[in-house]
Amino acid sequence: MGKTHKTMVASLAATTAVAAAMAAPASADAKDFSDVSDRYTDAVNFLLEMEATNGYSEDKFGTHMAIKRVDAAVLLANVLNLDTDDVEPSGFTDVPDRAKDAVSALKAAGITNGKSETMFGSHDEITRGELAIWIEEGFGLKGVQQLPFNDVNDRYKDAVEALLANGVTEGVSEVAFGTDQMAKRGDYAIFLKRAFDVMDEQAGKFELPLMHTNDTHGHIENIAKKKTAIDMYREDNPEALLLDAGDVFSGTLYFQEFLGQADLEFMNLLDYDAMTFGNHEFDLGKSENGHEALADFVKNAEFPFVAANVDFSKDPLFDDMNNGDEVSSTPEDGGIYGGIVTEVDGEKVGIFGLTTVETPDISSPVDIEFEDYIEEAEKMVKSFEEQGINKVVALTHLGYNDNIDYDNDVALAEEVDGIDIIVGGHSHTELKPMMINGDEPTVLVQTGEYSDNLGTLEVEFDENGVVKNFAGELIELEGLEENAWFANKLKPYTKQVNEIKNEEIGVSTDVVLNGERASVRTEETNLGNLIADGMLAKAQSVNPDTQIAVTNGGGIRASIDEGPITLGEVLTVMPFGNALGIMTLTGAEVEEALEHSVSMAPEKSGAFLSVAGMKFEYDSSKPAGERVVDVHVETEDGFAPLEADTEYKVASNLFTIQGGDGYTTFEKAYEENRVSEPGFMDYEIFVDYLQSLGDTISPETEGRITDKSGQ
């Protein structure tokens, strides 16, 4: 699908075949054949009118007979009216004289290459699967559709999709195409007529192929496999776009060491067409160098960025690359635009970007502002329409169906007309292509996380730019062969990372320390407890009056396996380099923060807190804001009820303290100067605490957090 030569072949075939049909005599009739029933009459008459065949004998068409490859070749060449007079010989030695020119013409047109360099397989009976390929190639059929068949492998997939999408065939049953069944002459006649009829209808239709990635978070360890997957897709779809929906930053030692430049080298080599920003691209905003790493990432990129609702104008680091909300038809590499216009197979396609307005709550975007995603999307669509562009892709980092109080892709599709495709990220959802129905449908995709998959999508548009069909898949990278060139280029990065990754901290764990995303964002875990305990211990060494520590689930990025714990594992668990802070809060404010922690339960939330020095119960079946039912704080004499009017010293990371993950209660304390900042880094605190526990640990959960609803 998407091959350039198909359009050329289809145009040639349409012109010459129509001319042949007009000139052909109509004296012969399907009724002259005793074996042609009503089902086949129109198709056989079509072949007779095209002078493509005289039938199998004087009184039989051979409707139910299997057809040989050589006879199928002659029929197809005749229907396409291919030039058989001035064509290079095929080189096949098994083709009878009557078919040599037809077979040579098919080979020259790229429709078939035979069984080998010297053998066409003339007298072999042809299968339905082989005919599907010939017909797709010969008629230049374009069209995509999810296949219901269980007998179509990768060799035949594109061809059968095209035939099914265009109504050329429905298969031999609801679940089988009959790929390996011998084709019958009557069925082939139907295929040829229907495919011929489709050619004229294909005029004006357009198929957009694309590949997409999101939320890679520094995971370039399988980049050589991603290169293999991309090359495989581009073999059949050379004009396919390659898009990234953000969050390249933060998550692995590759990022910790190279601050995105390692990822960028490979993205440039893979020839990305555009990227939008994820919230984690802004993680370093409050660091000593601010957004310098992000500015360097953008500046060195060999592709443009799209960010319709992100305002960089107040950060001078981006002055040379920021083009505001401009829609550019000639975007420069390393430039930031609201949207861009690119051309695919002669058709203009508009691409614009959106980043979640939740970013200030969950990252550190100093001097960078985020605008309403619906309003900015509407502006972009209008701008494209004014340029006559009716094929629009939204490249978003909003989340598939995330908290609607902020934004999500489903709401975007439902509220903004004119968006045809949403290539999304942020929610780490493995989302195979799905359609949001409406007068003008929108197709949504997302690949999951951490470069586990490469997303592919083909969307067919009609002449008015309306989505008619779509198909796509998530190509799992695990199990693919590595591209040798990319594997070799990765080695220096991996060597440097492994030197850090393999450094043991002197502590071993007898149990897995659970940092799974689904766990740390919904419930108490042994790893969350350990991190909070370490935070509390360090805070108490600075201020002995500290009683409580809390840490957000969104800051815990991985588990730690059984065995010796390495520095690399610790840095993978907490890759953001957050510093320690100690707040002075009232008991009422602590309870308010706990309400926010469980407001999304039992759904995952990065705001979900692991705690130390306290325990609490809540009921997720109750309305948000009314869920916390009991809170106790640990004292020298045991646990005592939390007192609303009593002040408590509460430790956490500065990201959360400064309002990250929506903690406005903590942010208020920070703004009112009720926070001290000792300056210790989170991963250093954690390592020190683990080492203080001895050579071996085996932590369990302790009932610090209980959902009384039982969910």
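This is a predicted model: local features need pLDDT of at least 70, side-chain atom pairs count only at pLDDT 80 or more; totals for chains, interfaces and linings use all residues.
Three secondary-structure elements, namely helix H17 (526-542), strand E18 (546-552) and helix H22 (682-692), each contribute at least two residues to the lining of the largest cavity. By residue class, the lining of the largest cavity comprises seven nonpolar, six polar and one charged residue. In total, the structure contains four cavities of 30 Å³ or more.

Most peptide bonds are trans, and most residues other than glycine have a negative phi. The peptide bond from Ala601 to Pro602, however, is cis, with omega near 5 degrees, and Pro602 is located in the loop that runs between helix H19 (587-597) and strand E21 (609-612).

Positive phi values occur at two non-glycine residues described here, His217, with phi near 50 degrees, and Asn673, with phi near 60 degrees. His217 is situated in the loop between strand E1 (206-213) and helix H8 (223-236), whereas Asn673 belongs to the loop between helix H21 (664-671) and strand E26 (675-676). With a relative accessible area of 1%, His217 falls under the 20% cut-off and is therefore classed as buried. Asn673, by contrast, has a relative accessibility of 69%, which is over 50%, and so counts as exposed.

How values were computed
Residues are numbered from 1 along each chain as its sequence is written. Side-chain values use heavy atoms; hydrogens and water are left out. On a 1 Å grid over the protein atoms alone, a cavity is a set of points where a 1.4 Å probe fits but cannot get out, and a pocket is an open set with protein on both sides within 12 Å along at least five of seven lines; lining residues have an atom within 4 Å of a point. Grid points are joined across faces, edges and corners, and a volume is the space filled by probe spheres set on the points. Helices (H or I, at least four residues) and strands (E, at least two) are DSSP runs, numbered from the N terminus. Ala, Val, Leu, Ile, Met, Phe, Trp, Tyr, Cys and Pro count as nonpolar, Asp, Glu, Lys and Arg as charged, and the others, Gly among them, as polar. Buried means under 20% relative accessible area, exposed over 50%, partly exposed in between (1.4 Å probe, protein chains only).
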